[in-house]
Amino acid sequence: PIDLVVWPDGTAIIEALKTDAPDVIVLDIQMPGATGLEVLKWINSTDCPAKGRPKVIFSSSSLSSDTEEARRLGANAFMNKGGNGEEWVAVVSRSYA
């Protein structure tokens with residue numbers, strides 16, 4: 001089973017990742033505080049415990065540049081918010097496997 005922890009914004013995620021290493025990190029491109037891409041950049045620039053963990057971008061952005069940038073920064077998967085719950089579970093599960 002996967003435990004789900006939700007933080008209110010990107011800044012809170014960065015603070016949590018300084019000491020926590022979730023099984024999978026799910027981010028949105030547009031989050032308050034720090035965007036998903038900024039969180040990915042931060043993870044890459046540190047030796048935080050979550051550095052090697054799978055990262056999934058779950059976003060409403062349909063820009064190919066966002067997808068490419070997320071993958072360049074280490075996202076393992078990118079999913080548009082328009083998908084259903086089963087799709088989301090499948091994407092996260094594949095990233096975690």
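Let's start with a charged pair: Arg72 and Glu69 form a salt bridge, and their closest N and O atoms sit 2.8 Å apart. Keep in mind that this is a predicted model. Both residues belong to helix H3, which covers residues 64-72, and being three residues apart there puts about one helical turn between them.

How exposed are the two partners? Arg72 has a relative accessible area of 59%, so it counts as exposed. Glu69 comes in at 22%, which makes it partly exposed, given that anything under 20% would be called buried.

## The other salt bridges

In total, the structure holds three salt bridges. One of them joins the side chains of Glu15 and Lys18, at 2.8 Å from N to O. Glu15 is partly exposed, with a relative accessible area of 47%, and Lys18 is partly exposed too, at 43%.

Then there's the bridge between Asp23 and Arg53, where the closest N and O atoms are 3.6 Å apart. This pair ties together distant parts of the chain, 30 residues apart. Asp23 lies in the loop between H1 and E1, while Arg53 lies in the loop between H2 and strand E2, which runs over 55-59. Asp23 has a relative accessibility of 28% and so counts as partly exposed; Arg53 falls into that class as well, at 30%.

## The nonpolar cores

Now for the inside. The largest nonpolar core is made of 20 residues, and the ones with the most contacts inside it are Leu17, Leu27, Val39, Leu40, Ile43, Ile57 and Ala70.

Leaving out residues up to four places away in sequence, Leu17 touches Pro22, Ile25, Val39, Trp42, Ile43, Cys48, Pro49 and Ala50. There is also a second, separate core, this one of six residues, with Val24, Val56, Ala77 and Val92 among them.

## The overall fold

Stepping back, the protein chain has four helices and three strands. Going along the sequence, they follow the pattern α-β-α-β-α-β-α. The radius of gyration is 12 Å, close to the 13 Å that the globule rule gives for 97 residues, so the chain is as compact as a globular protein of that length. If you'd rather picture a box, the C-alpha atoms fill one of roughly 30 × 30 × 25 Å along the principal axes.

How much of the chain is tucked away? Of the 97 residues, 39% are buried. Contacts tell a story about sequence distance: counting those with a separation of 6 or more, 51% are between residues 24 or more positions apart.

Finally, what faces outward? The protein chain exposes about 5600 Å², and 52% of that comes from carbon and sulfur atoms.

Definitions and conventions. Residues numbered from 1 in each chain as written. Predicted model: local features only at pLDDT ≥ 70, side-chain atom pairs only at ≥ 80, totals over all residues. Heavy atoms only, no water. Core = buried A, V, L, I, M, F, W, Y, C linked by side-chain atoms within 4.5 Å. Buried < 20%, exposed > 50% of the residue type's maximum accessible area, 1.4 Å probe, protein only. Contact = heavy atoms within 4.5 Å. Salt bridge = Lys/Arg side-chain N within 4 Å of Asp/Glu carboxyl O. Helix = DSSP H or I, 4+ residues; strand = E, 2+ residues; numbered from the N terminus. Rg over C-alpha atoms; globule rule 2.2 N^0.38 Å. Areas by Shrake-Rupley, 256 points an atom, 1.4 Å probe, with all protein chains shown as cover.
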